[in-house]
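Please walk me through this protein model.

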Amino acid sequence: MVRSSIHTHTSFCDGSGSVEDFCRAAFEKGFVSLGFSAHAPAAKKTGMTTGWHLPEEKLEEYLDTVRAAKRRWAGTLDVYLGLEVDYISGIMGPADKDYREMGLDYIIGSVHYIVPPKALPFTVDGPPDELEAGLKGFGGDREGLVNAYWDAVEEMTRLGGFDVLGHPDLIKKNNAGERIFSPSAAFYQKRLWDIAALAGHSGLAAEINTGGMNRQKTPDPYPSLPLLRLFLENNVPMTINSDAHRPEDLDGHYPDAVRALVNAGYTEAVVFVGSKNGKAQWKNEPLARFS
Ligand SMILES: [Zn+2]
Ligand SMILES: [Zn+2]
């Protein structure tokens, strides 16, 4: 059986459990590889302090700790050093130069924030009332808010500098009861079509992310089935990630991710096997090997 996740958060950012706790849990669960992807520090670039990004002053310690784990587990578990970098339109993103100098194995590019026309950035990943408050920055225009999210994902993808497209349709997180948008609306379908085509051209891998399920926030993985089908049409390789914030969630809801991939028509998923000359390397594995 193949098990791997390169999207994890330890107590360095907003997860619980140390790097070593995650390595041990991954080993016990039979993982072939494990990647660490702390939320990249954002305070300096954004002027905002949050409870979930890696504090600036902890960055070096994080990098050193994961590198030490790589050495300690060599031969038993492949450990990779990464970051999940926010794309915040006009403010920060994975294409910023500083990440190139950190010697990372990979970067997950993720949009959590959207920037309203005349208000401060806010996150679509928080509680529903935060999204409602953010809606005011769009004058109550729900479609405008959703478009701003997809604009950001497209901008990030065009600018590049990352290896994995993180939780591609995170905007659905607070959409229970279609309170923000209808996934069948023509404008929304067009956004899915566009991002899938763009991702296909970019040569990126995208993740199927069970983090929303692990935290009881969504009934299915990111991305939803229609986007998965479009990714397949555009030959976007998919990698399975748990976005675990606790060691016990490292393989949480993987059968659901495999089922979703099968339903979309995928027969394989890709597993990260390191980077060569700054380019992520992937191994194709038949989906049957994940169950
Ligand atoms: Zn994220
Ligand atoms: Zn994450």
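The briefing below goes from the sheet to the metal site, and then to single residues and a helix.

This is a predicted model, in which local features need pLDDT of at least 70, side-chain atom pairs count only at pLDDT 80 or more, and totals for chains, interfaces and linings use all residues. Residues are numbered from 1 along each chain as its sequence is written, chains are lettered from A and ligands numbered from 1 in the order in which they are written, and side-chain values use heavy atoms, with hydrogens and water left out.

**The sheet**

- Helices (H or I, at least four residues) and strands (E, at least two) are DSSP runs, numbered from the N terminus.
- Seven strands form an open sheet in the order β1-β2-β3-β4-β7-β8-β9, with parallel pairing. Two strands pair if DSSP finds at least two bridges between them.
- β1 (4–5) and β9 stand at the edges with a single partner strand each, so one side of each has no neighbour in the sheet.
- Strand β2 (residues 33–39) runs parallel to β3, and seven bridges join them. Phe 36 has Leu 81 of β3 as its bridge partner. Ser 37 stands opposite Gly 82 in β3.
- β3 is also joined to strand β4 (residues 106–110), by five bridges, and these two run parallel. Here Val 85 stands opposite Gly 109 in β4.
- Eight of the nine residues of β3 are buried, so the rest of the structure largely encloses this strand. Buried means under 20% relative accessible area, exposed over 50%, and partly exposed in between (1.4 Å probe, protein chains only).
- In a regular strand the side chains alternate between the two faces of the sheet.

**The zinc ions**

- Donors are N, O and S atoms within 2.8 Å of the metal (3.2 Å for Na, K and Ca); water is not among the atoms, so sites may look incomplete.
- The zinc ion (ligand 1) has Glu 84 (OE), His 112 (NE2) and His 167 (NE2) as its protein donors, at 2.1 to 2.2 Å. Their spacing in sequence is E-x27-H-x54-H.
- Glu 84 lies in strand β3 and His 167 in the loop between β7 (164–165) and α6 (186–202), so this pair ties together parts 83 residues apart in sequence. His 167 is buried, at 3% relative accessibility.
- The zinc ion (ligand 2) is coordinated by His 7 (NE2), His 9 (NE2), Glu 84 (OE) and Asp 243 (OD), at 2.0 to 2.5 Å.
- Why is the arrangement around the zinc ion (ligand 2) irregular? Its four donor atoms subtend angles of 79 to 164 degrees, which makes it so. Four donors count as tetrahedral if all angles lie between 85 and 135 degrees; four count as square planar and six as octahedral if opposite donors are over 155 degrees apart and all others between 65 and 115; anything else is irregular.
- Which residue bridges the two zinc ions, ligand 2 and ligand 1? Glu 84 does, and the ions lie 3.3 Å apart.
- Glu 84 in strand β3 (residues 78–86) and Asp 243 in the loop between β9 (238–241) and α9 (254–264) link distant parts of the chain, 159 residues apart.
- Glu 84 is buried, with a relative accessible area of 0%. Asp 243 is buried too, at 8%.

**Thr 123**

- Thr 123 sits in strand β6 (residues 122–123). It counts as buried, at 8% relative accessibility.
- Its side chain reaches the backbone oxygen of His 112 at 3.2 Å. A polar atom of the Thr 123 side chain also lies 2.9 Å from the backbone nitrogen of Asp 125.
- Leaving aside neighbours within four places in sequence, Thr 123 is in contact (heavy atoms within 4.5 Å) with His 112, Tyr 113 and Glu 130.

- In helix α4 (residues 128–135), the buried residues are Leu 131, Gly 134 and Leu 135. Seen down the helix axis, they fall within an arc of 105 degrees, so they line one face of α4. The arc is that of the directions from the helix axis to the C-beta atoms.
- Among what covers these buried residues of α4 are β6 and α5 (142–159).
- Is Lys 118 buried or exposed? Lys 118 is exposed, with a relative accessible area of 82%. Its place is in the loop between β5 (113–114) and β6.
- Lys 118 and Phe 138 are 20 residues apart in sequence and 8.3 Å apart in space, C-alpha to C-alpha.

Conventions: Polar contact = N/O pair within 3.5 Å; in protein donor to acceptor, adjacent residues only side chain to side chain.
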